[in-house]
Amino acid sequence: ITIFDVYMIYNTTHRNKEALTIFNDLLGKGFSFIESIKMRGTGSKRMIIDEVGTGFKKYMNTVADINYGNIELRRKGIIVHINKGLQTFSWAIPFYQLHTYKTIGFSIHAHGNFVRFKNNKLLKENRKFIDKIIDLKIEHDKQYEFYTPIN
(Lines give C-alpha, C1' and ligand atoms only; values in the text may rest on other atoms or scores of the structure.)
Protein backbone atom coordinates (compact mmCIF):
# COMPACT_ATOMS: atom_id res chain seq x y z
CA ILE A 1 0.00 0.00 0.00
CA THR A 2 1.38 3.40 -0.94
CA ILE A 3 0.89 6.81 0.64
CA PHE A 4 -1.48 7.59 -2.24
CA ASP A 5 -3.80 4.73 -1.25
CA VAL A 6 -3.86 5.72 2.43
CA TYR A 7 -4.99 9.29 1.76
CA MET A 8 -6.83 8.60 -1.51
CA ILE A 9 -4.89 11.36 -3.25
CA TYR A 10 -3.96 11.02 -6.91
CA ASN A 11 -2.12 13.05 -9.50
CA THR A 12 -4.88 14.12 -11.87
CA THR A 13 -2.92 16.61 -13.94
CA HIS A 14 -3.62 14.41 -16.96
CA ARG A 15 -6.51 12.00 -17.39
CA ASN A 16 -5.99 9.29 -14.78
CA LYS A 17 -8.28 6.31 -15.46
CA GLU A 18 -7.35 4.54 -12.20
CA ALA A 19 -8.21 7.63 -10.12
CA LEU A 20 -11.46 8.18 -12.04
CA THR A 21 -12.54 4.58 -11.42
CA ILE A 22 -11.73 4.82 -7.71
CA PHE A 23 -13.44 8.21 -7.37
CA ASN A 24 -16.58 6.89 -9.12
CA ASP A 25 -16.66 3.73 -6.96
CA LEU A 26 -16.01 5.55 -3.68
CA LEU A 27 -17.89 8.82 -4.21
CA GLY A 28 -20.35 8.05 -6.99
CA LYS A 29 -20.33 9.49 -10.48
CA GLY A 30 -20.21 13.22 -11.05
CA PHE A 31 -23.44 15.12 -11.52
CA SER A 32 -24.82 15.65 -15.02
CA PHE A 33 -24.87 19.11 -16.55
CA ILE A 34 -28.62 19.47 -15.87
CA GLU A 35 -28.26 18.22 -12.27
CA SER A 36 -25.41 20.66 -11.73
CA ILE A 37 -27.54 23.57 -12.96
CA LYS A 38 -30.45 22.51 -10.70
CA MET A 39 -28.07 22.37 -7.71
CA ARG A 40 -26.64 25.79 -8.65
CA GLY A 41 -23.18 24.35 -9.15
CA THR A 42 -21.18 21.34 -7.97
CA GLY A 43 -17.75 22.93 -7.82
CA SER A 44 -16.27 25.70 -5.72
CA LYS A 45 -14.29 28.66 -6.93
CA ARG A 46 -10.60 28.46 -6.15
CA MET A 47 -9.49 29.24 -2.62
CA ILE A 48 -6.10 29.89 -1.05
CA ILE A 49 -4.72 26.97 0.95
CA ASP A 50 -3.38 28.29 4.25
CA GLU A 51 -2.09 25.07 5.82
CA VAL A 52 -2.09 21.30 5.27
CA GLY A 53 -1.40 18.23 7.41
CA THR A 54 2.06 16.68 7.45
CA GLY A 55 1.07 14.00 4.92
CA PHE A 56 0.24 16.67 2.34
CA LYS A 57 3.30 18.93 2.68
CA LYS A 58 4.84 17.39 -0.44
CA TYR A 59 1.86 18.56 -2.52
CA MET A 60 2.45 22.23 -1.65
CA ASN A 61 4.66 24.73 -3.42
CA THR A 62 7.97 24.98 -1.59
CA VAL A 63 8.74 28.56 -2.58
CA ALA A 64 6.66 31.59 -1.67
CA ASP A 65 4.01 30.79 -4.29
CA ILE A 66 0.39 30.83 -3.20
CA ASN A 67 -1.23 27.39 -3.04
CA TYR A 68 -4.73 27.14 -4.49
CA GLY A 69 -7.38 24.50 -4.15
CA ASN A 70 -11.01 23.91 -4.95
CA ILE A 71 -13.71 21.41 -4.05
CA GLU A 72 -15.81 19.20 -6.31
CA LEU A 73 -19.08 17.77 -5.06
CA ARG A 74 -19.99 14.12 -5.73
CA ARG A 75 -23.05 12.06 -4.76
CA LYS A 76 -21.38 10.36 -1.78
CA GLY A 77 -18.55 12.76 -0.94
CA ILE A 78 -16.19 15.44 -2.18
CA ILE A 79 -12.92 15.74 -4.07
CA VAL A 80 -10.45 18.38 -2.92
CA HIS A 81 -8.23 19.48 -5.82
CA ILE A 82 -4.84 20.90 -4.85
CA ASN A 83 -2.77 22.84 -7.39
CA LYS A 84 1.03 22.66 -7.17
CA GLY A 85 2.54 24.64 -10.01
CA LEU A 86 1.16 23.06 -13.17
CA GLN A 87 0.19 19.83 -11.42
CA THR A 88 -3.15 18.94 -9.87
CA PHE A 89 -3.59 16.46 -7.02
CA SER A 90 -7.04 15.24 -6.07
CA TRP A 91 -8.05 13.97 -2.62
CA ALA A 92 -11.21 11.82 -2.41
CA ILE A 93 -13.22 12.09 0.81
CA PRO A 94 -16.44 10.12 1.33
CA PHE A 95 -19.07 11.89 3.44
CA TYR A 96 -18.76 9.30 6.24
CA GLN A 97 -15.09 10.32 6.74
CA LEU A 98 -15.53 14.06 6.18
CA HIS A 99 -15.19 16.52 9.06
CA THR A 100 -15.27 20.29 8.58
CA TYR A 101 -14.28 23.05 10.98
CA LYS A 102 -14.73 26.81 10.89
CA THR A 103 -11.81 28.25 12.85
CA ILE A 104 -9.31 30.80 11.54
CA GLY A 105 -10.39 29.72 8.06
CA PHE A 106 -12.29 26.68 6.85
CA SER A 107 -10.70 23.26 7.18
CA ILE A 108 -11.54 19.84 5.80
CA HIS A 109 -10.34 16.81 7.76
CA ALA A 110 -10.30 13.10 6.85
CA HIS A 111 -7.94 10.11 6.96
CA GLY A 112 -5.91 11.82 9.72
CA ASN A 113 -5.02 14.75 7.47
CA PHE A 114 -6.44 18.16 6.67
CA VAL A 115 -6.48 21.11 4.28
CA ARG A 116 -7.23 24.55 5.72
CA PHE A 117 -8.34 27.34 3.43
CA LYS A 118 -7.44 30.94 4.23
CA ASN A 119 -10.19 33.18 5.58
CA ASN A 120 -10.33 35.88 2.92
CA LYS A 121 -12.55 37.18 0.11
CA LEU A 122 -12.19 33.93 -1.89
CA LEU A 123 -13.48 31.86 1.04
CA LYS A 124 -16.39 34.23 1.57
CA GLU A 125 -17.35 33.86 -2.12
CA ASN A 126 -17.63 30.09 -1.54
CA ARG A 127 -19.78 30.34 1.60
CA LYS A 128 -22.99 29.08 -0.09
CA PHE A 129 -21.09 26.19 -1.66
CA ILE A 130 -19.56 25.20 1.70
CA ASP A 131 -23.02 25.35 3.30
CA LYS A 132 -24.25 23.04 0.52
CA ILE A 133 -21.49 20.50 1.34
CA ILE A 134 -22.40 20.57 5.03
CA ASP A 135 -26.13 20.15 4.25
CA LEU A 136 -25.42 17.18 1.94
CA LYS A 137 -23.22 15.56 4.58
CA ILE A 138 -26.00 15.91 7.16
CA GLU A 139 -28.50 14.38 4.71
CA HIS A 140 -26.07 11.53 3.98
CA ASP A 141 -25.49 10.85 7.69
CA LYS A 142 -29.25 10.67 8.42
CA GLN A 143 -29.46 7.30 6.66
CA TYR A 144 -27.15 5.85 9.34
CA GLU A 145 -29.03 7.02 12.44
CA PHE A 146 -29.30 4.26 15.03
CA TYR A 147 -32.36 5.53 16.86
CA THR A 148 -35.40 7.66 16.25
CA PRO A 149 -35.34 10.90 18.23
CA ILE A 150 -38.28 11.39 20.63
CA ASN A 151 -40.19 14.61 20.01
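Predicted model: local features only at pLDDT ≥ 70, side-chain atom pairs only at ≥ 80, totals over all residues.

Me: Why is Asp50 called partly exposed?

Reply: The relative accessible area of Asp50 is 40%. Buried requires under 20% and exposed requires over 50%, with partly exposed in between; Asp50 is therefore partly exposed.

Me: Where is Asp50 placed, and which residues does it touch beyond four places in sequence?

Reply: Asp50 belongs to strand β2, residues 47-52. Leaving out residues up to four places away in sequence, Asp50 touches Arg116, Phe117 and Lys118, where a contact means heavy atoms within 4.5 Å. The C-alpha atoms of Asp50 and Val115 are 7.8 Å apart, although 65 residues separate the two in sequence.

Me: Why is Arg40 called exposed?

Reply: Arg40 has a relative accessible area of 79%. The cut-off for exposed is over 50%, so Arg40 is exposed. Arg40 is located in the loop between α3 (33-38) and β2, and its phi is positive, about 60°, although Arg40 is not a glycine.

Me: Is His111 buried or partly exposed, and why?

Reply: The relative accessible area of His111 is 24%. Buried means under 20% and exposed means over 50%, therefore His111 is partly exposed. His111 lies in the loop between β7 (106-110) and β8 (113-117). His111 also has a positive phi, about 55°, without being a glycine.

Me: How do you know where confidence in the chain is lowest and where it is highest?

Reply: The mean pLDDT is lowest in helix α1 (residues 3-7), at 48, and highest in strand β3 (residues 68-74), at 94. Over residues 1-6 pLDDT stays under 50, and the model has six contacts beyond four places in sequence for this stretch. For the chain, the average is 87, with 93% of the residues scoring at least 70.

Me: What share of the residues is buried, and what share of the accessible surface belongs to carbon and sulfur atoms?

Reply: Of the 151 residues, 40% are buried, that is, under 20% relative accessible area. The accessible surface comes to about 9300 Å², and carbon and sulfur atoms account for 57% of that surface.

Definitions and conventions. Residues numbered from 1 in each chain as written. Heavy atoms only, no water. Helix = DSSP H or I, 4+ residues; strand = E, 2+ residues; numbered from the N terminus. Buried < 20%, exposed > 50% of the residue type's maximum accessible area, 1.4 Å probe, protein only. Areas by Shrake-Rupley, 256 points an atom, 1.4 Å probe, with all protein chains shown as cover. pLDDT = per-residue confidence, 0-100.
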